[in-house]
Amino acid sequence: KPQALTFKLVLLGDGRVGKTSLVLRYVNNVFSEKQEATVQASYLTKRLVVEGVPITLAIWDTAGQERFHALGPIYYRDADAALLVYDIMDTDSFIRVRNWVKELQQMASKNIIMAIAANKSDLVRAKKFDLQEAESYATLIGAKLFVTSAKLGTGINEVFLDIATRALQK
Ligand code: GTP
């Protein structure tokens, strides 16, 4: 039986923005209010079928704390895709996404697939967040923006499916 296609995906973003929570919601359908900070990185896989093709996503969830920043290249160097995560309530975490993108553009594979997750959308009342800046930024870098909540489970399948679909088409 032929091995399923495997794509390597790395999650990058500031500390506490919800990277681990997004992965655990996607892979295990769980959420914890007390999710602990990731040290260095952790690894999980998820199998899915895209347009009839079985795919394995090899997911590297990296630590967002600045003291682990220098480890980034180990995880994104040969990645097919990067999911850049920020906290929708926290402007600084969006700036951190821009910095990661600049670094990826210089250091990662030229055709790395990028997607951006604006996470913790459940914390915003009445959907009052302004996504215009983030959306035009995503377009500029050839990425798509997804509004997610690891807590509620919204937007999660969509963002990982987008990444898998684009990886398959590459
Ligand atoms: P580092 O490992 O430090 O890089 O953090 P991280 O980006 O992996 O964040 P993590 O998943 O550990 O979540 C940090 C905190 O935010 C935890 O208390 C989570 O419960 C909470 N959190 C994560 N996602 C959401 C979300 O969508 N909504 C809400 N309300 N809280 C969330």
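Tutor: One definition comes first: Ala, Val, Leu, Ile, Met, Phe, Trp, Tyr, Cys and Pro count as nonpolar, Asp, Glu, Lys and Arg as charged, and the others, Gly among them, as polar. The model is predicted, so local features need pLDDT of at least 70 and side-chain atom pairs count only at pLDDT 80 or more, while totals for chains, interfaces and linings use all residues. Residues are numbered from 1 along each chain as its sequence is written, and side-chain values use heavy atoms, with hydrogens and water left out.

Student: How do the residues of the lining of the second largest pocket divide into nonpolar, polar and charged?

Tutor: A pocket is found on a 1 Å grid over the protein atoms alone, as an open set of points where a 1.4 Å probe fits, with protein on both sides within 12 Å along at least five of seven lines; lining residues have an atom within 4 Å of a point. The lining here includes Tyr86, Phe94, Asp130 and Glu133. Sorted by class, the lining residues are seven nonpolar, one polar and three charged.

Student: Which elements give two or more residues to the lining of the second largest pocket?

Tutor: Helices (H or I, at least four residues) and strands (E, at least two) are DSSP runs, numbered from the N terminus. Among the lining residues are Thr91, Phe94, Glu133 and Ala134. The elements asked for are α3 (91-107) and α4 (132-140).

Student: What space lies in the largest pocket?

Tutor: Grid points are joined across faces, edges and corners, and a volume is the space filled by probe spheres set on the points. For the second largest pocket this gives about 220 Å³. For the largest pocket, the value is about 460 Å³.

Student: Which helix gives the largest share of the lining of the largest pocket?

Tutor: This pocket is lined by 25 residues, and the closest to its centre are Arg16, Gly18, Ser21, Gln35 and Lys120. The lining divides into six nonpolar, 11 polar and eight charged residues. The largest share, three residues, comes from helix α1 (residues 19-28).

Student: How many of the residues of α1 are buried?

Tutor: Buried means under 20% relative accessible area, exposed over 50%, and partly exposed in between (1.4 Å probe, protein chains only). Lys19, Ser21 and Leu24 are among the buried residues of α1. These buried residues pack against several elements, including β1 (5-13) and α5 (156-169). Of the 10 residues of α1, the number buried is nine.

Student: How far is a backbone N or O atom of Thr38 from an oxygen atom of the ligand?

Tutor: A residue is near the ligand if one of its heavy atoms lies within 4 Å of it, and of the 24 residues around the ligand, Lys19, Ser21, Ser32, Thr38 and Gly64 come nearest. For a polar backbone atom of Gly64 the distance to a ligand oxygen is 2.7 Å, and for a backbone N or O atom of Ala150 it is 2.8 Å. For Thr38, the distance is 2.6 Å.

Student: Is Gly142 buried, exposed or partly exposed?

Tutor: Gly142 lies in the loop between α4 and β6 (144-147). Contact means heavy atoms within 4.5 Å; not counting residues up to four places away in sequence, Gly142 touches Met114 and Arg166. Because its relative accessible area is 47%, Gly142 is partly exposed.

How values were computed: A polar contact is a pair of N or O atoms within 3.5 Å; within protein, one must be able to donate a hydrogen and the other to accept it, and residues adjacent in sequence count only if both atoms are side-chain atoms.
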